[in-house]
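Try each task before you read its solution.

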Amino acid sequence: MTKRKTVIGLTGPSGAGKSTAAAVFKQHGFYCIDCDAVCRHVYDTNPLCVAQLVKAFGQDILTDGKINRRALATVAFADEAHKQQLNNMVLPFIDEEILRQIEENDSDRILLDAPTLFESGLDEICMAVVALLCDRTLCRTRIISRDSLSETQADSRLSVGQPDEFYTDRTNYVVYNNATKQELAESVSAMLIKLMKEIES
């Protein structure tokens, strides 16, 4: 990877507000790689990945021959063992595609919006990692509304997520999102200005 590129990772639990934070990075000139979008691309275009997932989780995860992400999530988020199995299968394909996009993009400022940044090992290519956290009750409410989940499905998804300490133990750049989108945007912007000064000094 070209050394001149500044790569920053953005991570945190589902429902913490990473999309809102990523929009702030874009305003500061960052090209954003949405790792969830990369995952969808891999599911749609990589037959080897699909074949491995079907072998592990069964034909019920397919709809019209393609990965049904909700069906896959229902199985994969059932417990920690299944979640780890999913990560072990999918993350290498995602990492390969992300590295390709970083290499080919013209921007010298790259943001990796990645829920599983640390689990994938992509934090190692980042000059800094920002963790976005919020009260888990708020996360639950947000993902129920955003993804049209039942309370049981939301609880299942959050139960296999990492605790806050997982993130705070791994980075000093932590932003809490327990208020409005505007307040989050202001907090992220202030933190990013400080972070870039430290990187560029």
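**Exercise 1: Two loop residues**

Task: Is Ser148 buried or exposed, and where does Ser148 sit?

Solution, step by step:
- Keep in mind that you're looking at a predicted model.
- Start with the relative accessible area of Ser148, which is 55%. The cut-off for exposed is over 50%, so Ser148 counts as exposed.
- Next, find the place: Ser148 is in the loop between α7 (136–147) and α8 (151–159).
- Finally, check the backbone: phi of Ser148 is positive, about 55°, although Ser148 is not a glycine.

Task: Now do Asp64: which loop holds Asp64, and is Asp64 buried or exposed?

Solution, step by step:
- Asp64 lies in the loop that runs between β3 (62–63) and β4 (66–67).
- With a relative accessible area of 79%, Asp64 is exposed.
- Phi of Asp64 is near 55°, a positive value, and Asp64 is a residue other than glycine.

**Exercise 2: A serine with partners**

Task: Is Ser107 buried or exposed, and which residues does Ser107 touch?

Solution, step by step:
- Locate Ser107 in the loop between α5 (80–104) and β5 (109–113).
- Its relative accessibility is 17%. Buried means under 20%, so Ser107 counts as buried.
- Leaving out residues up to four places away in sequence, Ser107 touches Lys5, Gly29 and Tyr31.
- Look at the side chain too: a polar atom of the Ser107 side chain lies 2.9 Å from the backbone oxygen of Arg109.

**Exercise 3: A leucine in a strand**

Task: In which strand is Leu133 found, and what does Leu133 touch?

Solution, step by step:
- Leu133 belongs to strand β6 (residues 128–133).
- Leu133 has 0% relative accessibility, so it counts as buried.
- Skip residues up to four places away in sequence, and Leu133 touches several others, among them Pro13, Ala16, Tyr167, Val174 and Tyr176.
- Now try a distance: Leu133 and Pro163 are 30 residues apart along the chain, and their C-alpha atoms are separated by 9.8 Å.

**Exercise 4: The whole chain**

Task: Why does the radius of gyration of the protein chain agree with a compact globule?

Solution, step by step:
- Count the pieces: the protein chain has 10 helices and seven strands.
- A compact globule of 201 residues would have a radius of gyration near 17 Å, and the protein chain has 17 Å, so the two agree.
- Then check the burial: 42% of the 201 residues are buried.
- Last, take contacts between residues at least 6 apart in sequence: 76% of them join residues at least 24 apart.

Note on methods:
Residues numbered from 1 in each chain as written. Predicted model: local features only at pLDDT ≥ 70, side-chain atom pairs only at ≥ 80, totals over all residues. Heavy atoms only, no water. Helix = DSSP H or I, 4+ residues; strand = E, 2+ residues; numbered from the N terminus. Rg over C-alpha atoms; globule rule 2.2 N^0.38 Å. Buried < 20%, exposed > 50% of the residue type's maximum accessible area, 1.4 Å probe, protein only. Contact = heavy atoms within 4.5 Å. Polar contact = N/O pair within 3.5 Å; in protein donor to acceptor, adjacent residues only side chain to side chain.
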